[in-house]
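I open these entries to keep a record of what I looked up, beginning with the sheet and its helices and then turning to single residues.

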Amino acid sequence: MKILCVCGLGQGTSLILRMNVETVLRDLVITADVENTDVSTASSMSPDYIVTSNELAQTLEGTSSKVIIVNNYFDMNEIKTALQENLQ
């Protein structure tokens, strides 16, 4: 399974989201390849899942990936809930 964490510029915020997603996946005992990038690059990629904010999710609607919305990239509970609801 491939998961892409996306922010506007693909640097700091998406890296923090990536680290938090990886932590939650370890806690849930789910194996995945997790990467981070910017929204422009993400639109040309085809991971299984894209984790991003509500604002950026609208930009990624045309992709073949399932988009998972997380509005607070620092809230581990929100990330965990979003992943559990969508990775079933």
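Before reading any helix packing, I note that axes are lines fitted to C-alpha atoms, for helices over the stretch in contact, and that angles run from 0 to 180 degrees between N-to-C directions. Helices (H or I, at least four residues) and strands (E, at least two) are DSSP runs, numbered from the N terminus. The model is predicted, so I keep in mind that local features need pLDDT of at least 70 and side-chain atom pairs count only at pLDDT 80 or more, while totals for chains, interfaces and linings use all residues. Residues are numbered from 1 along each chain as its sequence is written, and side-chain values use heavy atoms, with hydrogens and water left out.

**Entry 1, helix pair.** I looked up helix H1 (residues 12-27) and helix H4 (residues 76-86), which pack at an angle of about 65 degrees with their axes 10 Å apart. Their crossing is right-handed, a term used when the near helix is turned clockwise from the far one by less than a right angle, anticlockwise being left-handed. For contacts (heavy atoms within 4.5 Å), I find Leu17, Asn20, Val21, Thr23, Val24 and Leu25 on the H1 side, meeting Met76, Ile79, Lys80 and Leu83 of H4.

**Entry 2, sheet.** I traced an open sheet of four strands in the order S2-S1-S3-S4, with parallel pairing; two strands pair if DSSP finds at least two bridges between them. Strand S2 (33-38) and strand S4 (66-69) stand at the edges with a single partner strand each, so one side of each has no neighbour in the sheet. The twist from one strand to the next averages 25 degrees. Strand S1 (residues 2-7) and strand S3 (residues 49-52) run parallel and are joined by three bridges, and Ile3 has Tyr49 in S3 as its bridge partner. H4 packs on this sheet, where it touches S3 and S4 and makes about 150 degrees with the direction of S4, whereas H1 lies across S1, S2 and S3 and runs at about 145 degrees to S1.

Ser14 lies in helix H1 and is buried, with a relative accessible area of 0%; buried means under 20%, exposed over 50%, and partly exposed in between (1.4 Å probe, protein chains only). The side chains of Ser14 and Asn36 are joined by a polar contact of 3.2 Å, that is, a pair of N or O atoms within 3.5 Å, where within protein one must be able to donate a hydrogen and the other to accept it, and residues adjacent in sequence count only if both atoms are side-chain atoms.

I place Lys2 in strand S1, where it counts as partly exposed at 27% relative accessibility. A polar contact of 3.1 Å joins its side chain to that of Glu35.

Ser65 sits in the loop between helix H3 (54-57) and S4 and is buried, at 8% relative accessible area. Its side chain reaches the backbone oxygen of Pro47 at 2.5 Å. In the loop between H1 and S2 I looked up Val29, which is exposed at 73% relative accessibility and has a positive phi of about 55 degrees although it is not a glycine.
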